[in-house]
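Subject: Handing over a structure, with notes on what was found

Dear colleague,

I am passing on the structure below, and the notes that follow it are meant for someone opening it for the first time. Please read them with the structure in view.

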Amino acid sequence: QRVDHLFIAELPPQTPLATLTPPVTMPKEDIMTIDATVNLHKRLHGVTFKRKAARAVREIKKFASNKMHTTDVRIDANLNKFIWSKGVRNVPYRVRVRLSRKRTDDDEADEKLYTLVSHVPVKSFKDLTTQKVDETDRE
């Protein structure tokens with residue numbers, strides 16, 4: 001005999017995509033600082049003109065969250081001014097940022113660590129790589 005139907009109850013349930021994403025891993029070190037270059041030009045390609053600067057801030061937060069493995073990301077006021085310096089439409093192509101992972105002072109916070117993103121002014125982006133910053137190198 002031929003069976004043309006499947007018993008749906010016997011099939012494994014489909015896993016939603018949200019459960020397939022890897023969890024945020026805990027950082028190896030508690031407090032750490034790195035300097036990195038964010039290419040905003042490729043991250044903002046195709047974004048509506050009047051939303052470019054706001055999207056740039058969100059993309060920098062996303063970049064910092066991925067690099068530092070924290071969901072709490074705070075943008076420094078100087079970095080925000082640099083992003084908005086040429087207006088809402090003409091966002092700088094690249095920005096050099098310092099990502100500092102720090103401990104939260106608030107005891108009631110869900111997360112023990114947060115990332116502070118600050119601007120590092122550079123003359124040229126040529127030959128810059130992502131580097132770990134020592135405590136002695138900081139300003």
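A search of the whole structure finds four salt bridges, a salt bridge being a side-chain nitrogen of Lys or Arg within 4 Å of a carboxyl oxygen of Asp or Glu. Please keep in mind that this is a predicted model, in which local features need pLDDT of at least 70 and side-chain atom pairs count only at pLDDT 80 or more, while totals for chains, interfaces and linings use all residues. Residues are numbered from 1 along each chain as its sequence is written, and side-chain values use heavy atoms, with hydrogens and water left out.

One of the pairs here is Asp30 with Arg103, whose closest N and O atoms are 2.7 Å apart. This pair links distant parts of the chain, since Asp30 sits in the loop between helix H1 (17-20) and S1 while Arg103 belongs to strand S3, 73 residues apart; helices (H or I, at least four residues) and strands (E, at least two) are DSSP runs, numbered from the N terminus. Asp30 is partly exposed at a relative accessible area of 36%, and Arg103 is partly exposed at 48%, where buried means under 20% relative accessible area, exposed means over 50%, and partly exposed lies in between (1.4 Å probe, protein chains only).

Asp35 and Arg98 form another salt bridge, with 2.8 Å between the closest N and O atoms. Asp35 lies in strand S1 and Arg98 in strand S3, so this pair ties together parts that are 63 residues apart in sequence. Asp35 is buried, with a relative accessible area of 8%, and Arg98 counts as buried at 12%. A further salt bridge joins the side chains of Asp72 and Arg74 (3.0 Å, N to O), where Asp72 is partly exposed at 26% relative accessibility and Arg74 is partly exposed at 34%.

The nonpolar core

The largest nonpolar core has 22 residues, of which Leu40, Ile60, Ile83, Leu99 and Val117 touch the most other members; such a core is a set of buried Ala, Val, Leu, Ile, Met, Phe, Trp, Tyr and Cys residues joined through side-chain atoms within 4.5 Å. At least two residues of this core come from each of strand S1 (32-39), helix H3 (52-68), helix H4 (77-84) and S3, and H3 gives the largest share, seven residues.

Two loop residues

Most residues other than glycine have a negative phi. His69, however, has a positive phi near 60 degrees; this residue lies in the loop between H3 and strand S2 (73-75) and is partly exposed, with a relative accessible area of 31%. Asp127, which is not a glycine either, has a positive phi of about 60 degrees, and its place is in the loop between S4 and strand S5 (131-132), where Asp127 is exposed at 78% relative accessible area.

With best wishes
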